[in-house]
Amino acid sequence: MDALGRKNRRLVLQLVLGGILMFGFGFALVPLYDVFCRITGLNGKITNTGPIAAEEADTSRDIRVQFIGINNEAMPWEFRPTLNTVSVNPGEMRQMAYFARNPTSARMVAQAIPSVTPAEAAQYLHKVSCFCFDQQALDADEDMEMPLLFVIDKKLPADIHTITLSYTLFDITPRLSTGQIIKDDTQRSTL
Amino acid sequence: MIKRVWLLPWIGLFLSLPAKAAWEVNITPGATAISREVYDLHMIIFWICVAIGVVVFGVMFWSIFHHRKSRGAEARNFHENTAVEILWTLIPFVILIAMAIPATATLIKMYDNTDSDIDIQVTGYQWKWRYQYLGQDIDFFSSLSTPREQINNEAAKGENYLLEVDNPLVLPVGQKVRFLFTAADVIHSWWVPDLAVKKDAIPGFINESWAIPEEPGIYRGQCTELCGRDHGFMPIVVEVKSQADFDLWLADTRNAAQAQAAAASEEWTLEQLMERGEQVYNTSCAACHQATGQGIPGAFPALVGSPMVTTDIDAHINIVLHGKAGTAMQAFGAQLNAVDLAAVITYERNAWGNDTGDSVSPQRITELQQ
Amino acid sequence: MDTTLSVDSTEHGHGPAKGLGRWFFTTNHKDIGTLYLWFSLLMFLTGGCMALMIRAELFQPGLQLVQPEFFNQMTTMHGLIMVFGAVMPAFVGLANWMIPIMVGAPDMALPRMNNWSFWILPFAFSLMLSTLFMEGGGPNFGWTFYAPLSTTYAPPSVTFFIFAVHMMGFSSIMGAINIIATILNMRAPGMTMMKLPLFVWTWLITAFLLIAVMPVLAGVVTMMLMDIHFGTSFFNAAGGGDPVLFQHVFWFFGHPEVYIMILPAFGIVSEIIPTFARKKLFGYASMVYATSSIALLSFLVWAHHMFTVGLPLAGELFFMYATMLIAVPTGVKVFNWVATMFHGSMTFETPMLFALAFVVLFTIGGFSGLMLAIAPADFQYHDTYFVVAHFHYVLVPGAIFSIMAGAYYWLPKWTGHMLNERLGKAHFWLSFIGVNVTFFPMHFLGLAGMPRRIPDYALQFADFNAVASVGAFIFGLSQLLFVYNIISCIRGGERATDQVWEGSHGLEWTLPSPAPYHTFTQPPVIK
């Protein structure tokens with residue numbers, strides 16, 4: 001029976017190890033999903049960010065870029081794009097801005113979360129700089145214009161004529177005040 | 001949780017239900033080219049399934065009838081046949097390919113990216129929809145208009161029970177409408193069967209879909225993603241109008257918005273505010289705080305005798321305008337106009353024996369919002 | 001399978017301990033199997049009462065009995081209890097009882113772990129049910145608990161729900177490890193893999209699925225816990241997380257979980273049909289391969305639960321094709337069962353009736369599953385009662401009927417008494433009628449446009465809802481007959497022979513009825 005006992009123990013160890021690996025795999029799905037999104041543009045996550053070399057604009061195509069601002073549930077700020085739509089040539093670098101105002105009587109911190117549709121277009125929208133890279137703080141009754149600099153890749157598929165870029169504004173004041181750090185900078189830069 | 005007096009009105013209402021043809025058994029062919037294509041696809045797949053079912057169950061019931069011991073059937077001794085087994089692996093495979101071809105074609109059509117005529121942003125809230133016509137300066141909320149009494153069986157149910165809203169989404173016929181879906185709290189899902197559009201509205205993310213309604217008419221749908229307590233009470237009503245009627249509606253809606261703004265600068269008496277406030281309360285607040293203002297213990301606080309409602313007027317205005325983070329209390333500042341906000345706050349401060357005598361003017365709200 | 005053995009009629013060893021301690025401290029696979037089966041029956045009745053509460057509220061339009069927040073708790077708890085409390089433990093119970101005696105082993109490979117994996121369950125479910133009485137109520141976000149409804153917007157009791165899910169996960173994983181070790185290491189000499197009864201085969205594959213996906217479920221609820229209490233942002237968009245990620249991880253667990261609940265059912269039915277057709281199972285090897293392919297494909301189809309979240313075209317197509325592909329091995333199984341009946345010599349005792357109903361009604365559930373796989377059509381079906389009808393057809397007359405078939409099939413071996421056939425058939429026909437009256441109209445409701453998980457509905461859905469509610473009470477009440485049948489079979493009845501059924505083959509039917517407390521302490525000889 002001892003041989004059987006050893007056989008059982010080995011098998012159990014292997015299976016337990018398998019279970020632990022799958023538990024880890026559950027967590028590994030989080031970064032894997034990000035990679036997957038980057039490749040497929042799933043969910044309209046913008047992954048191309050940072051400085052870019054200047055390029056010749058492709059003036060043969062006009063892309064309509066539509067801007068949307070959304071307030072998440074209890075976010076009382078006034079928040080809207082300064083322009084609803086702009087017409088852009090692929091390769092052309094364009095500056096845009098969102099207006100934000102804190103109408104309450106207290107200082108608040110906000111985080112804007114971008115999203116793009118159609119999802120296939122996400123990987124062709126390159127953000128050189130964006131207010132969504134950082135958290136935004138406004139004192140009571142203060143307002144500001146938040147800039148956004150972007151380029152549309154010339155490789156954008158021919159059937160896409162309109163790209164919608166939305167920002168959802170989240171109130172993160174309570175989370176910050178309880179000492180919870182949202183995330184580190186490296187993570188934020190992928191937004 | 002369990003209501004005590006339920007049996008009698010229940011039986012009474014059952015008898016008084018409108019006699020409506022209610023044995024609908026199939027999906028609607030709908031009002032767009034895509035919805036008809038989906039309907040046809042659905043029927044093709046359905047009949048293929050029926051055909052396979054008839055063959056398989058036919059052989060099965062034939063065996064059950066003929067190869068039973070009571071009829072003296074003797075079991076034969078075969079238990080494998082490679083040729084047959086390969087055959088019935090391949091045949092389903094071929095049938096599946098036949099199904100996949102039209103399905104793929106329809107799906108590709110649905111993902112069409114050609115330019116749209118109107119873009120409408122659809123935002124899901126707990127538990128209503130907000131429609132913003134992008135670039136048209138039109139922005140409104142659409143919530144259930146069925147009275148609470150009908151839901152609680154205290155009044156006879158109307159024809160469009162639970163499928164009626166205060167402000168329907170209005171679309172022009174024959175135009176390509178592009179919908180942009182998102183949500184402000186949890187995930188919702190916007191479904192209008194006649195347009196064959198069902199898309200999740202996800203907080204922080206944007207999704208799109210489109211439709212070209214071909215027939216004027218009223219099309220009804222519902223939220224299809226569990227989004228909390230009143231998930232079953234946030235219907236969608238789409239009114240498709242001719243281009244002329246649609247333009248008329250656009251003008252009217254813009255005028256109404258201006259009239260609303262003008263009303264905010266008028267003087268309102270306590271009685272006027274109370275009357276209006278009760279209506280606003282019942283559509284926007286009663287779902288949680290209850291029509292009696294008693295709330296639901298443990299979930300939604302009572303407004304009757306609440307210190308905020310009976311004394312601290314600034315805090316009261318603040319919470320109605322800006323909501324309370326981390327709770328179900330939303331920011332109504334963006335959802336209601338100044339008159340409605342003033343009215344509902346006044347109503348809460350004077351109804352159910354709160355009797356503070358306070359009257360909040362629309363001007364006060366407008367000032368705070370500037 | 002050609003298995004005869006030299007019966008070791010002088011079974012030695014001791015009998016069961018006396019008193020309650022027998023059940024708390026037992027390491028005997030038959031005792032633990034019995035515990036699992038009683039527990040799952042209790043949970044089946046509990047979850048059933050919740051279903052009846054739901055159906056009572058939905059009998060008429062308007063809110064009559066319960067308020068929406070309580071309704072949502074009922075739908076959530078009904079789902080969780082039926083999946084994790086009724087169906088899964090019932091299959092584990094059957095595995096505990098039958099696998100050792102089907103492979104000629106004296107007991108499970110790890111008897112003490114077996115005891116733990118059972119006794120975690122009553123604690124897990126007490127904890128989960130206790131949330132119903134907590135401030136803010138129990139889980140109300142559906143059994144799929146999509147974030148952020150289950151995180152940022154959840155009642156405080158969600159923490160206890162998460163802990164209960166962790167405990168269930170531990171129990172299932174330990175059970176699965178034990179079953180794999182038993183099947184791989186404890187087989188009697190000569191019991192080669194391709195001689196294993198099909199129930200054992202399907203359970204072996206199921207156990208691997210459990211080990212692969214229960215940890216993922218544990219992972220996803222752990223991420224929820226961290227989002228709620230430790231400020232992480234896995235699923236919170238405000239912190240750079242993604243609520244859709246929750247759905248991907250959940251369904252990566254969830255779809256294999258669906259097959260965890262149906263593969264052992266395939267095994268049971270593949271045991272019963274040959275017995276009552278008095279003919280060997282047609283295509284044994286292809287059954288094994290079909291089961292394995294279903295298990296493998298189950299890892300590649302999860303996003304068909306998410307066709308409406310806004311996947312790119314390529315994603316929709318991939319998941320549509322992969323899902324449709326599952327129809328092939330599933331079809332092979334159905335064809336094999338029908339071929340087994342073809343030119344058999346059939347009789348229709350209660351277990352056979354349940355097995356035949358399984359084949360027909362599961363296939364209907366399979367057809368609606370195929371329809372749901374067609375992505376463009378799914379946009380009209382998704383999250384409607386059509387989906388409710390689909391998964392209840394595969395789970396109630398699918399999984400549950402197979403469990404009942406298995407229970408009636410093996411009861412004589414467990415108790416030594418034959419079942420009262422008249423009462424068994426009465427239970428079958430009442431259940432069969434009840435199930436169809438309940439769930440068939442739900443197809444129509446869904447197609448006509450009724451969303452799922454709503455406590456009240458528009459008037460055009462009233463008639464079919466009333467019919468479904470009547471059916472639900474017929475089905476629910478007829479289960480009392482099931483309980484009565486089991487108890488009366490334990491209490492007495494015609495003595496069962498060793499072989500029990502005329503056409504039965506396999507090691508378990510060579511043992512005396514009732515099966516002695518210890519069996520195969522000397523391995524049987526398999527020719």
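Trainee: How many residues of chain B are in contact with chain C, and how many of chain C with chain B?
Mentor: Keep in mind that this is a predicted model. The area buried between chain B and chain C is about 9000 Å², with carbon and sulfur atoms giving 71% of it. Counting residues in contact, we get 97 of chain B and 104 of chain C.

Trainee: Which element gives the largest share of the side of chain B that touches chain C?
Mentor: Across that interface there are 24 residue pairs in polar contact, both residues at pLDDT 80 or more. On chain B, α1 (7-16), α2 (33-66), α3 (82-110), β7 (197-201) and β9 (217-223) each supply at least two residues. The largest share is 16 residues, and it comes from α2(B).

Trainee: By class, how many nonpolar residues does that side of chain B have?
Mentor: Let's go through the classes for the side of chain B that touches chain C. There are 18 charged residues and 23 polar ones. The nonpolar count is 56.

Trainee: Moving to chain A and chain B, what area do they bury between them?
Mentor: Here 30 residues of chain A are in contact with 29 residues of chain B. Carbon and sulfur atoms account for 51% of the buried area. The total comes to about 2300 Å².

Trainee: Which residue of chain A forms the salt bridge with B:Asp119?
Mentor: The rule finds 1 salt bridge across the interface of chain A and chain B. B:Asp119 is the chain B partner, and the closest N and O atoms are 3.0 Å apart. On the chain A side, the residue is A:Arg64.

Trainee: Which strands stand at the edges of the open sheet in chain B?
Mentor: This sheet has 5 strands with mixed pairing, in the order β3-β2-β1-β5-β8. An edge strand has a single partner, so one side of it is left without a neighbour in the sheet. In chain B that picks out β3 (138-142) and β8 (207-211).

Trainee: What is the bridge partner of B:Tyr131 in β3(B)?
Mentor: Strand β2 (residues 128-133) of chain B is joined to β3(B) by 5 bridges, and the two run antiparallel. For B:Tyr131, the partner in β3(B) is B:Phe140.

Trainee: What angle does helix α5 of chain B make with β3(B)?
Mentor: Helix α5 (residues 243-265) packs on the sheet, touching β1 (118-125), β2 and β3 of chain B. Its direction and that of β3(B) make an angle of about 85 degrees.

Trainee: Where is B:Trp127, the residue joined to B:Gln126 by a cis peptide bond?
Mentor: Most peptide bonds are trans. The bond between B:Gln126 and B:Trp127 is cis, with omega about 0 degrees. B:Trp127 is found in the loop between β1 and β2 of chain B.

Terms used. Residues are numbered from 1 along each chain as its sequence is written. Chains are lettered from A and ligands numbered from 1 in the order in which they are written. This is a predicted model: local features need pLDDT of at least 70, side-chain atom pairs count only at pLDDT 80 or more; totals for chains, interfaces and linings use all residues. Side-chain values use heavy atoms; hydrogens and water are left out. Contact means heavy atoms within 4.5 Å. Buried area is the accessible area (1.4 Å probe) that two parts lose on being put together, summed over both. A salt bridge is a side-chain nitrogen of Lys or Arg within 4 Å of a carboxyl oxygen of Asp or Glu. Two strands pair if DSSP finds at least two bridges between them. Helices (H or I, at least four residues) and strands (E, at least two) are DSSP runs, numbered from the N terminus. Axes are lines fitted to C-alpha atoms, for helices over the stretch in contact, and angles run from 0 to 180 degrees between N-to-C directions. A polar contact is a pair of N or O atoms within 3.5 Å; within protein, one must be able to donate a hydrogen and the other to accept it, and residues adjacent in sequence count only if both atoms are side-chain atoms. Ala, Val, Leu, Ile, Met, Phe, Trp, Tyr, Cys and Pro count as nonpolar, Asp, Glu, Lys and Arg as charged, and the others, Gly among them, as polar.
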